[in-house]
Amino acid sequence: MTKLTAAITAIGGYVPEYILTNKELEQMVNTSDEWIQERTGITERRILKGDRASSDMAVEALKDLFAKTQTRPEDIELIICATVSPDYVHPATASIIADKIGAKNAWGFDLSAACSGFLFALNTGSKFIESGAHKKVLVIGVDKMSCRIDYEDRNTCILFGDGAGAVLLEPNKEGYGILDSELKTDGSGRQFLLQKAGGSHYHTSIDTVMNKEHFVYQEGKTVFKFAVKGMADITDMVMKRNGLTGGSIAFLVPHQANKRIIDATAERAGLPPEKVMLNIQKYGNTTCATIPLCLWDYEKQLKKGDNLMFAAFGGGFSWGAIYVKWAYNSQ
Ligand code: UT7
């Protein structure tokens, strides 16, 4: 029997219009364009202005996706939305997105795995395709990080941006799509990157608001150390398991948290810079949206049969790598 795999058959993306530059951040906190570029690789990031939420960015990304495929919203059976900035604590942003796009026949849920959220969601979505349960699954990575950031904290405000990316998964019988994955969680790292208040552990109060405990807190140096090792090790493991080398991979598609982490992963994988997707310079770290936004930016360069290695590391800790054989030539 031919094995059923889950292929990515369309991509959509969206970034807000407003550009927050390093120069503007120089006016807000004690930092410099030079420091930010040198330590992170970021030049600018996008910020969602006005009364708009994560679901609104996801809807824009999906409009872009549907314009590129014959699939209609009512054909979608499942929507998985990876995010750390849902519209509400509940209900799930996936159900709001389904309503806004008219996906009347879909069920859906949100998935929380910090910066590894898109990889975890992609792996989850692929199982519904491989099992034969569904034929059309949307996997979305979206974050409005600007609502989680203290713009007086130079340790974090320079890093993050807003954006959304989405892929359509469909069954494939020719060996294209998601071919292997390795995903990891280690909750003992939770204190190094988190939003301290607002959950059931430490619920919202006047004090938590006054103490700014609803913003992203990160011990950057510690996370950096774990991220460099975690992302490089897991990428290496999935490559070796599938007989892949730097020569046989078309692109590394890394989570965009810090260019130095990306460079270390690429070097370990034996990949030259031209084989590494990079857009951190213009979007910063959009958390769950970084990987689909890379695919969105590089879609025209991808060819059917290309071997892609997705890799991420994030809060939790959570990390992983996914091997994808690209399924189509873009128009
Ligand atoms: O996506 C989820 C996973 N997250 C990550 O992977 C992020 C991992 N961490 C990082 O990317 C880096 O640790 C950062 C970019 C956050 C920080 O870079 P770093 O090279 O680790 O800097 P540092 O925290 O060790 O700080 C070095 C110096 C400190 O000054 P002193 O103590 O040496 O005098 C900081 O106070 O740089 C200072 N500093 C800044 N200076 C100018 C920290 N932030 C800034 C800033 N502008 N924005």
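User: Which elements each supply at least two residues of the lining of the second largest pocket?
Analyst: This is a predicted model, where local features need pLDDT of at least 70, side-chain atom pairs count only at pLDDT 80 or more, and totals for chains, interfaces and linings use all residues. Residues are numbered from 1 along each chain as its sequence is written, and side-chain values use heavy atoms, leaving out hydrogens and water. A pocket is an open set of points on a 1 Å grid where a 1.4 Å probe fits, with protein on both sides within 12 Å along at least five of seven lines, lined by residues with an atom within 4 Å of a point. Elements are DSSP runs (helices H or I, at least four residues; strands E, at least two), and those asked for are α2 (33–40), α6 (154–157), α8 (220–241), α9 (259–269) and β12 (307–314).

User: Where does the second largest pocket lie?
Analyst: Its volume, the space filled by probe spheres set on the points, is about 710 Å³. Of its 28 lining residues, Leu159, Gln218, Gly220, Lys221 and Asn258 are the closest to the centre. Both domains (bounds from an automatic or database assignment) give lining residues, so the second largest pocket lies between domain 1 (5–174) and domain 2 (179–325).

User: Which residues are closest to the centre of the largest pocket?
Analyst: That pocket holds about 1,100 Å³ of space. Of the 35 residues lining the largest pocket, the closest to its centre are Val84, Ser112, Leu193, Leu194 and Gln195.

User: Which element gives the most to the lining of the largest pocket?
Analyst: The top contributor gives three residues to this lining. It's β9.
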